[in-house]
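Have a go at each task before you read its solution.

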Amino acid sequence: MTFKAIVCGKAAVLYTIPKDNLKTDYLSVVFTLPPIRGKTAEYALIPALLACGSEKYPTHGDFSRQLDTLYNAGIGCRTGKSGERYQIVFQLRCLETQCVPGGEDLFSETVAVFADMLLHPALENGVFRTTYVEREKKNLCDAIRSDINNKAGYALKRLDCEMFREETYGIPVRGTLEEASAITPAALYDTYRDMLAHAPVTCHYVGKLSAESVAEKLRPLFAELDALRCAPYYAPETEVVRQAQHPVRVIREEQPTRQSRLCIGYRTGAVLADGDYYKFALFNELLGGSASSKLFLDVREARGLCYDISSFPEGQKGILYISCGISADAYDEAKAAIDAQIAAIRDGDISDAEFSAAKKSLCAGYREIEDGASSLAAWYANRRQAGIDTSPAETAAQVMTCTKEDVAACAARLTEDTVFFMCGTQSGDADGEEDTEADEYGD
Amino acid sequence: MNTEIETLYHDGIRESYTRIRHKSGMTVCVMPKETAVTYASLGVLCGAVDNCFTVNGERMTVPDGTAHFLEHKLFAAGEDEADAIARFAELGANADAYTTPDMTAYLFSAAENERAALEILLDFVFRPYFTEENVERERAIIAQEIRMYDDAPSQRGYYNAVESLYHTHPIRVNVGGTEESIRDITPDVLYTFYRAFYHPVNMVLTVAGNLSPDDVLAVCDACIPHDLPPFVTERMFEKEPDTVFRREYSDTAQMSSPVLYFGVKDTELSSDWTARETHAAAVDILNDILFCKSSPLYTDLYDRGLINGKFGFEYELAATYAYVLITAETDEPETVAKEIRQHLSERVRLHDITDEQFERCRRVMYASAVTAFESAEDMMSECLDAAIDGGEMFSALDIMMAVTKDDLFRVLDRLYTPERYAVSILYPERI
């Protein structure tokens with residue numbers, strides 16, 4: 001499906017996705033930044049600083065109060081990456097006019113608050129306020145340190161660190177503690193000004209408003225932004241490594257946890273830009289994308305080795321992850337079972353029932369995307385970056401044409417790159433250890 | 001009993017749905033919506049707190065974690081038929097289930113074959129199949145789930161807080177039980193629990209999406225068993241003292257920063273849904289004014305660097321327990337606890353809720369209510385939560401919008417008194 005792209009400023013494009021059964025207007029505004037090691041902590045800090053206060057709303061409390069007054073309008077901001085493009089993402093959401101008791105145009109008002117937040121941050125001596133910078137640096141450090149609180153997420157982040165240690169993709173989205181601690185208000189402000197000047201901007205709107213109407217409502221924001229913009233505009237590309245370049249790396253790390261986490265990273269040899277990525281998506285669904293997938297049915301249901309197991313792909317860089325939580329002593333059996341399920345698909349050992357179930361499950365997932373504004377915007381943003389713009393429904397139709405040979409070929413292209421095993425030392429399974437924590441917990 | 005059908009409207013948010021009192025005793029709510037995906041949920045009024053109950057007057061107890069174990073195992077099927085997950089998958093439907101302290105729910109989402117998927121939902125839930133072998137296999141899977149949650153500091157912190165508030169109430173019990181308690185769960189235990197609670201009278205079905213009330217009613221007529229004995233189970237809870245179990249508690253977990261759990265025990269309980277909901281609405285609005293991101297307390301703590309943004313509050317209210325739980329990641333949990341106490345004491349003393357605060361909060365609540373009806377999934381879930389609790393979601397919205405400032409002052413004075421506070425802190429382990 002092709003939506004009209006409206007150029008709304010210098011290196012700024014707006015796509016509107018019409019959806020008339022929503023009660024909200026949704027707008028995402030994405031700034032794309034170059035992947036530079038040492039800079040990503042600053043990228044992470046910029047949205048936090050912008051949310052601290054502006055000329056019109058000097059504190060974060062003032063922002064919150066104003067957004068509450070606009071019927072709980074939301075302006076979310078975060079950093080992320082898509083492939084090797086590092087991004088600062090703003091998400092605006094508010095009640096659409098017909099749902100507001102007084103019929104106010106909340107979208108325009110929310111955009112105005114966002115414009116103030118983005119373009120008129122609270123400053124002192126021409127740079128970000130020191131007190132705000134120091135506070136947000138500490139919060140960023142807290143957030144980086146808190147990775148360990150979520151063991152599954154931590155293990156996957158460690159896998160990324162190990163697997164991409166020589167690649168741009170391995171640059172941590174929020175930087176490191178050292179990088180975050182070293183940030184100064186002046187350097188951060190320079191990076192922020194560079195972002196305003198050189199970062200390409202992509203907007204996706206989902207809701208009832210027409211493309212022209214959205215563009216009109218965004219005009220004041222982009223008119224002001226344009227005055228700050230100048231070429232060259234960043235154009236980061238993602239380096240795709242289609243095959244593992246070395247024998248499988250196995251990293252084992254001990255942690256004082258009850259459960260162990262096994263994470264495996266593969267090079268897929270398939271990326272969204274190839275145009276037939278839907279075949280790989282189907283392979284993933286069959287392997288570990290649902291509760292009727294091969295991994296779920298074998299490793300969990302038949303062998304009882306885990307509670308959670310799944311595979312999930314990254315389509316810009318060409319990666320597949322498998323993640324599961326197991327007992328420390330189940331590593332060999334789980335790894336062998338995972339290998340065997342991939343081999344089974346490669347060898348065409350796919351029943352009609354499981355193939356059909358995988359297709360239907362994947363297509364149902366695509367249909368679900370159509371019901372949500374943010375999921376729809378994210379779908380198109382991800383695809384447009386790869387140069388395609390098929391809708392969820394169109395992609396579902398493509399999936400239905402796939403053959404078993406297609407997915408077997410995807411499995412054959414897969415090369416295992418890195419295994420990260422977070423070995424829990426408190427499980428009571430290894431070395432005959434007593435499980436004292438569990439006894440305490442049950443009290 | 002005859003089937004009764006009524007259509008409920010809400011003028012304010014321009015939504016409607018059909019409520020069916022099915023002849024089986026089941027409450028069925030149908031919300032036709034033009035969406036790509038249809039959602040259905042079958043809730044059973046039993047959960048982790050139900051480890052002790054009476055059936056026809058006879059007292060029974062089951063091991064902790066039984067409701068959750070049953071939720072896992074109900075998807076199983078006999079040897080010569082596909083289990084429920086596979087049957088849903090064949091239709092292109094995704095199935096799921098969850099257990100809370102009070103409820104067990106079975107769900108599916110489907111972009112096609114919605115009616116057939118509903119038939120499976122109403123079939124497998126009424127056809128339990130537990131064997132020594134399949135129960136044993138599930139035990140290993142659930143043990144991994146328990147370990148996963150044991151490794152989550154937030155889980156540890158939550159249960160520490162709830163254990164601080166309650167002396168004996170089974171809200172203290174971990175939903176999944178413990179590895180030790182689930183060792184005692186057998187097919188007999190599961191059948192006992194199943195027969196006690198899995199009765200249409202004790203269930204609510206909600207459907208949102210591309211199924212009409214007629215479609216849903218036809219499936220209910222065909223699939224819900226009609227020859228069941230009467231429902232004779234009663235939940236049993238020991239008398240819980242009004243006081244908190246312990247005022248202060250600390251523990252450690254593998255985590256990065258300390259987290260404060262500031263619990264407030266609410267003893268204003270009622271078995272009547274309207275009374276409960278009226279109270280809950282006032283507490284929710286008051287809490288939003290007291291603790292939301294634009295509140296003086298939050299902005300003060302954040303500006304002083306005492307909290308880092310990971311600050312939250314929730315209010316849980318059921319017929320037999322209720323509490324407010326404020327959580328804050330902070331390097332100085334004791335200071336933040338002291339600040340919260342002082343702030344609450346000042347607010348009680350001054351009664352300083354302004355009209356502007358109140359109006360802002362009402363706008364937030366109104367918008368939350370409207371957006372809850374944007375997605376079929378949220379609508380299904382809102383409807384289920386209200387109906388399983390004996391209520392109705394549009395009435396809940398009206399009750400919310402009718403709250404006055406006087407209601408807030410009344411709650412402020414009664415709820416926020418120091419003897420109801422229980423402070424629990426989770427510190428990082430020293431590695």
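**Exercise 1: Salt bridges**

Over all chains, the count comes to 70 salt bridges, a salt bridge being a side-chain nitrogen of Lys or Arg within 4 Å of a carboxyl oxygen of Asp or Glu. This is a predicted model, in which local features need pLDDT of at least 70 and side-chain atom pairs count only at pLDDT 80 or more, while totals for chains, interfaces and linings use all residues. Residues are numbered from 1 along each chain as its sequence is written, chains are lettered from A and ligands numbered from 1 in the order in which they are written, and side-chain values use heavy atoms, with hydrogens and water left out.

Task: find the partner of E237(A) and say which parts the pair ties together.

Solution. Step 1: the partner is R85(A), and the closest N and O atoms are 4.0 Å apart. Step 2: E237(A) sits in the loop between α8 (211-226) and β9 (249-255) of chain A and R85(A) in strand β5 of chain A, so the pair ties together parts that are 152 residues apart in sequence. Helices (H or I, at least four residues) and strands (E, at least two) are DSSP runs, numbered from the N terminus.

**Exercise 2: The interface**

Task: describe how chain A and chain B meet, from contacts to composition.

Solution. Step 1: count the contacts, meaning heavy atoms within 4.5 Å; 63 residues of chain A are in contact with 64 residues of chain B. Step 2: take the buried area, which is the accessible area (1.4 Å probe) that two parts lose on being put together, summed over both. The two chains bury about 5,600 Å² between them, 49% of it on carbon and sulfur atoms. Step 3: look for charged pairs; seven salt bridges link chain A and chain B. One joins E138(B) to R300(A), with the closest N and O atoms 3.9 Å apart. Step 4: ask which element of chain A gives the most to the side that touches chain B. That is α4(A), with seven residues. Step 5: sort that side by class, with Ala, Val, Leu, Ile, Met, Phe, Trp, Tyr, Cys and Pro as nonpolar, Asp, Glu, Lys and Arg as charged, and the others, Gly among them, as polar.

**Exercise 3: A cavity**

Task: which residues line the second largest cavity?

Solution. Step 1: on a 1 Å grid over the protein atoms alone, a cavity is a set of points where a 1.4 Å probe fits but cannot get out, and lining residues have an atom within 4 Å of a point. Step 3: the lining consists of D68(A), D288(B), I289(B), C292(B), S294(B), S295(B), Q357(B), R360(B) and C361(B). Step 4: α12(B) gives the most to this lining, with three residues. By class, the lining has three nonpolar, three polar and three charged residues.

**Exercise 4: Backbone geometry**

Task: where do P232(A) and Y71(A) lie?

Solution. Step 1: recall that most residues other than glycine have a negative phi, and most peptide bonds are trans. Step 2: the peptide bond from A231(A) to P232(A) is cis, with omega near 0°, and P232(A) lies in the loop between α8 and β9 of chain A. Step 3: Y71(A) has a positive phi, near 55°, and is found in the loop between α2 and β4 (74-82) of chain A.

Technical notes:
1 Å grid on protein atoms, 1.4 Å probe; cavity = no way out; pocket = protein on both sides within 12 Å on 5 of 7 lines; lining within 4 Å.
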